[in-house]
2 protein chains.
Amino acid sequence: MKNFEFYNPTKIYFGKGEVDKLGGLIKNIGHKVLLVYGKSSIKKIGLYDTVLKQLKDNGIEVFELNGVDPNPRIESVREGQTICKEHNIDVVLGVGGGSVIDCSKAIALAAKYDGDPWDIYSYKYSPVESLPVASILTLSATGTEMNGNSVITNFATEDKNGFGSILSYPVFSILDPELTFSVSKYQTGCGIADTLTHVYEFYFSNDKSHLNDRVCESIMKTVVHYGPKAISNPHDYEARANLMFGSTLALNGLTSFGKTWEGFNHTTEHVLGAFWDIAHGAGLAITAAHWMKYILNEKNVDKFYEFAVNVWGVGPGENKMEIAKQGIEKVWEFYHIIGMPLTLTEVGITNPDLDKVATQATRYGTLGNYRPLTKEDVKQILTNAL
Amino acid sequence: MKNFEFYNPTKIYFGKGEVDKLGGLIKNIGHKVLLVYGKSSIKKIGLYDTVLKQLKDNGIEVFELNGVDPNPRIESVREGQTICKEHNIDVVLGVGGGSVIDCSKAIALAAKYDGDPWDIYSYKYSPVESLPVASILTLSATGTEMNGNSVITNFATEDKNGFGSILSYPVFSILDPELTFSVSKYQTGCGIADTLTHVYEFYFSNDKSHLNDRVCESIMKTVVHYGPKAISNPHDYEARANLMFGSTLALNGLTSFGKTWEGFNHTTEHVLGAFWDIAHGAGLAITAAHWMKYILNEKNVDKFYEFAVNVWGVGPGENKMEIAKQGIEKVWEFYHIIGMPLTLTEVGITNPDLDKVATQATRYGTLGNYRPLTKEDVKQILTNAL
């Protein structure tokens with residue numbers, strides 16, 4: 001097992017009704033809140049009113065930034081930065097899915113910076129402080145509610161860039177599975193694909209860690225078990241609860257200890273997402289399905305065999321390559337069952353310039369260590385995915 | 001899934017050579033350290049010299065409390081309290097196994113209290129502050145390196161009592177698997193039994209959580225896989241590393257989310273440990289082996305079946321009770337393989353007053369919710385274990 005650091009300062013309040021603790025929790029960290037949210041969904045489910053009541057009953061002054069898009073834009077961050085500076089905001093509260101929370105983290109960093117926030121996401125400026133961030137999660141997917149990562153899109157420069165910092169861990173996040181009851185089947189599927197990909201990106205690794213592998217499998221098994229249940233019955237609390245905390249654990253440090261990140265899927269999807277405004281999880285389902293088929297070989301067959309047996313219930317059997325392939329078939333079937341696309345065409349990407357995508361995806365070098373992928377590999381995987 | 005809070009502020013530095021970071025880390029939290037350790041083992045492995053050099057090279061003043069016993073005594077805590085107050089200690093650094101770290105936590109609480117430290121462990125005084133605690137772990141077992149628990153023994157009152165507080169989470173803990181290479185086969189076995197019991201006590205629960213169950217199984221599988229390897233080859237780094245972080249995860253919140261603690265084993269072992277100075281893990285192996293046999297019934301057979309199949313590789317099969325029993329047989333065999341006792345006689349407890357033990361163990365009521373155990377149940381389990 002490789003050396004590692006393991007630390008996560010975010011406090012999670014999990015379960016139905018936990019939003020009722022919001023006012024008291026926020027009061028401990030600030031008194032002027034920037035409430036960040038998306039379009040109308042938190043109003044539709046009544047969450048907006050609950051949040052406002054909690055904040056106002058606790059004497060907290062509220063400013064708002066709404067309309068944050070999926071694949072949150074740098075423009076929203078700039079807008080939030082301006083509000084924070086003008087009104088001396090002392091806490092940023094994101095209420096929504098990963099995009100809203102990522103945008104909140106970016107605003108909290110930008111509030112403590114005098115330049116343009118894109119400097120942070122284009123790695124020209126390294127932040128040294130941040131406003132505190134808190135979150136109420138309404139979509140199980142990215143894990144941002146318990147990590148220091150955020151991803152911001154700049155369509156002007158065709159970039160979708162991530163930034164990770166200890167400064168960006170939410171002070172607390174409230175996770176109520178009931179808040180995900182209204183998530184559409186498609187978005188639920190996207191969240192599941194995102195969660196699984198987070199696990200793949202540490203599970204499939206040259207770094208050996210039995211404990212890490214078994215923990216990764218425990219999360220994948222749970223997600224595979226409950227994904228279809230949540231889609232067929234959106235009000236299934238147990239399914240929503242297991243998917244919700246599964247997505248949190250999939251990217252809070254628990255899947256990554258002693259492992260190197262194997263980032264083909266997220267890197268490539270971010271490039272696709274910067275060129276075409278596709279749902280992140282759907283993009284990942286497409287890349288991951290074709291990536292697995294492409295990279296399986298004699299060298300890594302043992303790991304794919306374990307994956308097939310331990311996660312997908314295939315085998316066991318003597319012909320490891322055959323079992324490994326059956327495991328990948330199960331992944332494809334599963335994506336189909338949860339309504340995920342398996343080709344770029346299905347998400348409206350037709351006649352793409354894949355040379356440009358592959359060049360951009362490999363601009364910092366080959367992707368991953370498990371099986372390092374060159375520009376030509378990336379292009380081939382995406383060609384297979386057309 | 002039940003509502004829960006999930007929070008753990010301890011930072012882990014894991015892997016070989018991480019002790020070289022000690023001085024720099026301590027400097028961030030204080031300049032006058034009370035170094036707490038046991039008998040001579042940290043001197044034998046050269047760790048004592050490394051620690052002193054790290055601290056002195058960083059200008060940190062060091063005071064010492066040594067000779068902390070397994071089942072750490074309230075007398076050591078009192079001694080540490082006096083040193084802290086006399087010398088204005090600002091950090092307590094425990095270097096050793098669970099006993100040393102527990103003692104360090106108790107001293108850190110006592111340093112901020114003007115009364116007798118036993119008031120804390122007899123629940124007469126509820127601490128409101130603590131000195132910061134840090135640790136270097138040399139034994140994989142209790143999980144104290146990443147939680148807020150400590151257990152102190154008072155032979156004068158025949159009590160072995162635990163206390164848990166957010167104040168007692170170590171600021172950081174250094175976990176170098178190489179520091180456990182010299183742990184004896186017997187103590188390694190005890191650590192494994194302790195780790196497994198921590199998991200049992202949340203895994204076997206009326207509270208349903210698929211994700212929690214799978215995570216629990218991932219830790220148990222790892223421990224079962226590597227336990228015998230570490231015992232047959234004490235210098236097997238992978239085995240020691242997996243056991244070490246497995247024992248940390250077994251009691252850092254990851255096995256307990258959404259579950260109620262099922263404390264027959266620890267409660268009963270603490271009573272045994274207060275009457276007879278037995279190794280904690282050995283006591284737990286005995287209680288757990290007999291507890292499983294005793295509590296298995298038609299109501300809980302499904303969980304024992306899962307345990308047998310998912311952890312011990314028995315079955316699957318149609319006769320769930322038969323498979324469940326085979327799983328428990330595997331537990332017994334495993335304890336035998338790792339050199340753990342399975343009867344009280346083997347640890348020198350002969351002709352015990354089991355009525356007294358059972359009375360003391362159930363003094364706050366029946367034990368557990370999974371299958372609530374009365375005084376008579378406890379007495380019967382221990383009688384079976386004679």
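In the predicted model, the domain assignment divides chain A into domain 1, spanning residues 11-179, and domain 2, spanning residues 183-384. The C-alpha centres of these two domains of chain A are separated by 27 Å. Contact between them involves 20 residues of domain 1 of chain A and 26 residues of domain 2 of chain A. On the domain 1 side of this contact, β1, β6 (149-154) and β7 (159-164) of chain A each contribute at least two residues. By residue class, the side of domain 1 of chain A that touches domain 2 of chain A comprises 9 nonpolar, 6 polar and 5 charged residues.

Strand β1 of chain A is also paired within its own chain. With strand β8 (residues 172-175) of chain A, β1(A) forms a parallel pairing over 4 bridges. Within this arrangement, A:F14 is positioned opposite A:L175 of β8(A).

The relation between the two chains was examined next. Chain A is superposed on chain B by a rotation of 180 degrees with 0.0 Å of shift along the axis, at an RMSD of 0.0 Å. This is the relation of a two-fold axis. Among the residues of chain A, A:P9 makes the closest approach to the rotation axis, its C-alpha lying at 2.6 Å.

The contact between the chains draws 31 residues from chain A and 31 residues from chain B. On the side of chain A that touches chain B, at least two residues are supplied by each of β1 (4-14), α8 (210-232) and α9 (237-249) of chain A. The residues on this side of chain A fall into 13 nonpolar, 9 polar and 9 charged. Of the interface residues of chain A, 100% are also interface residues in chain B, so the copies meet through the same surface.

Strand pairing accompanies this contact between the chains. Strand β1(A) pairs with strand β1 (residues 4-14) of chain B in the antiparallel sense, over 7 bridges. In this pairing, A:F6 has B:I12 of β1(B) as its bridge partner, and A:I12 is placed opposite B:F6 of β1(B).

How values were computed: Residues are numbered from 1 along each chain as its sequence is written. Chains are lettered from A and ligands numbered from 1 in the order in which they are written. This is a predicted model: local features need pLDDT of at least 70, side-chain atom pairs count only at pLDDT 80 or more; totals for chains, interfaces and linings use all residues. Copies are superposed by least squares on the C-alpha atoms of residues with pLDDT of at least 70 in both. Two residues are in contact if their C-beta atoms, placed from the backbone, lie within 7 Å. Ala, Val, Leu, Ile, Met, Phe, Trp, Tyr, Cys and Pro count as nonpolar, Asp, Glu, Lys and Arg as charged, and the others, Gly among them, as polar. Two strands pair if DSSP finds at least two bridges between them. Domain bounds come from an automatic or database domain assignment.
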